[in-house]
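Please read it alongside the model.

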Amino acid sequence: MDNPLYEQIYNYIFQKINDGELKKGERVPSEKELAAHFNVSRITSKKALEMLSQYKLIERIQGKGSFVAEVLPDLQETKLQKQSESVEARPEDEVVRIVGVILPDFGDSFGADLIRGIEEQCAISGCVMMMKLTYDNRDEEEAAIRAFVKLGVDGIVVFPGHGEHYNAEVLRLVLNGFPIVLVDRYLKGIAATAVYTDNRKAAFDLTNILLNQEGRHVGFLSTPADNTTTIEDRIQGFNDACMQRGFTPKPEHIMTNLYSSLPQSFQTIKVQYDIETVRHFVEINKDLNAYVVTEYNLALILREALLSLKKRIPEDYQIVCFDSPSQPFGDYLFTHVRQNERDTGRRAVEILQRVWNNETTELNNIVEHEIVQGNSTVSI
């Protein structure tokens, strides 16, 4: 079993000191630098530095940073002591909190890293994670919330399903002051703490990639928007970018009747139906030559429809979308918005911790996104 992330960072610095790469008095990477290097939260890197200080390997000077101790302990003894303490059993009286996680579904393009982020932060915090999939069924979601509460979980993280604007169980927990955090989206009218991407800004950025090119006329494709704040915000971001250029998008250039990317729907029959629908949309909107698409799987469908019409990407048509499976060699099919799923998951658990500690939390917590170049556009 892998060590917790903060221990991996501790071991990384320890080894550099032991190997002489970091010498006495030399500056140690900061919390921010370590967090960026290991792709972890600053809470994690801070904990690693605190542990290094606890073992007298570094000295932390307020306002200046951390430095290798001028008088180091016996490194071999320290290593053995650390290993011994790491395998000691958790004290019997230590509180182990349970976090219930409820989400509609997950995949490689979105969701898997969100779960990893939640699990990582639970491990760092000494929590146990329980998970339930609802497959976009609100009754299942509400039943899962009731079951988790009955089981005695200490906090719940909920990824609300598509088309959901209201959930009685979420509202009840919020009114009762139960620790609950929404991820990926917020629910209008329910004052629940939420962690999510600024979808309006992200869609604005994506649309501008296309509009920055002379002669590009842009359409928009998505699943039904009704009562789903992520989709509503992305449409608004698309409209914002168009209106900033001095025009209002035509309603007939916005398609929101695609269903095959919803949970448990990416099946051959439904995908073929959506490909035919998109192909027809492309054929009747010959003035469009670029598309903003709200999901990776829908971008695949658009690509398939365009290729079947003998169109070239990106020469004839350009596509931008949200999310993508990771590509170790960086050869992405689509230019896309990368949401920081892992950080979203970590922050959700960190917020639960703050609630448990009776600390103040923000209602809306935005996680920064980034644009990743793919093969579906010219250089951005």
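1. The structure holds 17 salt bridges, a salt bridge being a side-chain nitrogen of Lys or Arg within 4 Å of a carboxyl oxygen of Asp or Glu. This is a predicted model, in which local features need pLDDT of at least 70 and side-chain atom pairs count only at pLDDT 80 or more, while totals for chains, interfaces and linings use all residues. Residues are numbered from 1 along each chain as its sequence is written, and side-chain values use heavy atoms, leaving out hydrogens and water.

2. Helices (H or I, at least four residues) and strands (E, at least two) are DSSP runs, numbered from the N terminus. Strand β4 (residues 98–103) has 5 of its 6 residues buried, that is, under 20% relative accessible area, with exposed over 50% and partly exposed in between (1.4 Å probe, protein chains only).

3. Strands count as paired if DSSP finds at least two bridges between them. β4 pairs in the parallel sense with β5 (residues 128–133) over 6 bridges, and Val101 has Met131 as its bridge partner in β5. β4 also pairs in the parallel sense with β6 (residues 155–158), over 4 bridges; here Ile102 stands opposite Val158.

4. Within helix α5, Arg116 and Asp113 lie 3 residues apart and form a salt bridge, their closest N and O atoms being 2.7 Å apart. Arg116 is partly exposed because its relative accessibility is 42%.

5. Glu120 and Arg346 also form a salt bridge (3.2 Å, N to O). This pair links distant parts of the chain, helices α5 and α12 (residues 341–356), 226 residues apart. Arg346 counts as buried because its relative accessible area is 3%.
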